[in-house]
Amino acid sequence: MPSFKVSACTADHIGDRSEQQDRVAVLTSPRHPQGLLAVVSDGMGGRTGGRMAADQVISTVTNLFRDMSEGDAGGLRGLLKTMADEAHTVIRLSALSSEKEPHATFVALIVRRDYAIWAHAGDSRLYHIRNGRLLHRTEDQTYAAYLRAAGREQQALEADRKYRHMLVSALGLARPPDLVINEASDLQPGDAFLLCSDGLWAHFADIEFGEMLAVLTPREASGELVRLARQRAQGRGDNLSLAIVRLDVAEAA
């Protein structure tokens with residue numbers, strides 16, 4: 001089993017909004033030795049509803065990762081599903097009658113030794129990059145993406161213009177989230193994962209993430225991504241948040 005040096009960094013920015021409704025965290029836990037969890041959540045739903053929803057996601061994920069072992073949850077896949085399901089339930093129960101329906105995106109990654117598993121609902125993304133090459137990117141669960149998958153390209157283009165932020169799956173909506181789970185069991189030195197909200201990825205081509213994560217440390221890349229996103233937003237930027245996890249060759253003892 002290979003041994004890696006794992007480095008991670010998070011960053012967020014309020015953008016040009018009046019309130020930060022994105023939340024991000026990187027966590028470790030004694031219940032998961034040699035494991036690390038990263039999570040990003042973009043809250044939506046009124047003046048305080050979005051912030052509350054994203055807070056509930058981070059709180060629920062933190063508590064479950066701290067309190068539940070892999071065995072308790074029936075495996076890491078089961079743990080990620082439990083996190084999403086419980087956060088969804090808490091948001092639904094915490095909804096304020098004076099708000100729009102609060103909901104939040106969810107993208108979470110668990111890395112343990114040479115194995116990674118991730119889950120997402122909504123349009124916050126995960127990118128898996130190896131030495132600058134994109135191996136995987138999650139698919140956005142938006143109305144436009146739904147239309148495009150159904151072969152309705154012209155309607156999808158119209159939805160991109162009019163309903164860019166309309167989600168067909170997220171935590172806190174009336175129907176349970178359509179949680180998508182993927183995994184990689186052959187991690188190698190040079191692998192990196194980027195989790196981010198649409199306030200970041202909207203300003204970049206996929207290839208730019210690969211090029212940057214191939215040459216910069218997570219801390220350096222985080223700072224550069226925020227700087228470029230703010231520059232490209234030209235005063236009209238959304239909240240943004242990101243987490244980067246990178247694997248390198250372990251230093252000799």
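**Core packing and sheet arrangement in the predicted model**

Leaving aside neighbours within four places in sequence, Val-57 is in contact with Val-39, Ser-41, Ala-87, Ile-91, Ala-104, Thr-105, Phe-106 and Leu-171. The model in which these contacts were computed is a predicted one. Val-57 belongs to the largest nonpolar core, which has 29 residues, and is among the members that touch the most others, together with Val-39, Met-83 and Phe-106. Two or more residues of this core come from each of strand 2 (22-27), strand 3 (35-44), helix 1 (49-67), helix 3 (76-94), strand 5 (106-112) and strand 6 (115-121). The greatest contribution, seven residues, is that of helix 3. Another core, of 20 residues, lies apart from this one and includes Tyr-127, Leu-194, Leu-200 and Ile-244.

Helix 3 consists of 19 residues, and the distance from its first C-alpha to its last is 27 Å, close to the 27 Å expected at 1.5 Å a residue. Its buried residues are Leu-76, Gly-78, Leu-79, Leu-80, Met-83, Ala-84, Ala-87, His-88 and Ile-91. The cover over these buried residues includes strand 3, helix 1, helix 2 (70-73), strand 4 (103-104), strand 5 and strand 6.

Strand 6 is largely enclosed by the rest of the structure, because seven of its seven residues are buried. Both of its faces are covered: Tyr-115, Ile-117, Ala-119 and Ala-121 are buried on one side, and Ala-116, Trp-118 and His-120 on the other. Strand 6 pairs with strand 5 in the antiparallel sense over seven bridges, and Ala-121 of strand 6 is the bridge partner of Phe-106. Two residues lie between the strands of this hairpin, in which Arg-113 takes a positive phi near 55°. Strand 6 also pairs with strand 9 (residues 180-184), again in the antiparallel sense, over five bridges. In that pairing Ala-119 stands opposite Ile-181.

An open sheet is formed by five strands in the order 1-11-10-7-8, with antiparallel pairing. Strand 1 (4-13) and strand 8 (133-137) stand at the edges and have a single partner strand each, so one side of each is left without a neighbour in the sheet. On average, and with direction ignored, neighbouring strands of this sheet are turned by 20° against each other. Within the sheet, strand 7 (residues 125-130) and strand 10 (residues 191-196) run antiparallel and are joined by six bridges.

Helix 7 (residues 206-215) touches strand 7, strand 8, strand 10 and strand 11 (240-249), and its direction makes about 55° with that of strand 7. Helix 8 (residues 218-233) touches strand 1, strand 10 and strand 11, and the angle between its direction and that of strand 11 is about 150°.

Ser-29 lies in the loop between strand 2 and strand 3. With a relative accessibility of 6%, Ser-29 counts as buried, the cut-off being under 20%. Not counting residues up to four places away in sequence, Ser-29 touches Phe-65 and Arg-66. A polar atom of the Ser-29 side chain lies 3.0 Å from the backbone oxygen of Phe-65.

How values were computed. Residues numbered from 1 in each chain as written. Predicted model: local features only at pLDDT ≥ 70, side-chain atom pairs only at ≥ 80, totals over all residues. Heavy atoms only, no water. Core = buried A, V, L, I, M, F, W, Y, C linked by side-chain atoms within 4.5 Å. Buried < 20%, exposed > 50% of the residue type's maximum accessible area, 1.4 Å probe, protein only. Helix = DSSP H or I, 4+ residues; strand = E, 2+ residues; numbered from the N terminus. Contact = heavy atoms within 4.5 Å. Expected span 1.5 Å × (residues − 1). Pairing = 2+ DSSP bridges. Axes fitted to C-alpha atoms, helices over the stretch in contact; angles between N-to-C directions. Polar contact = N/O pair within 3.5 Å; in protein donor to acceptor, adjacent residues only side chain to side chain.
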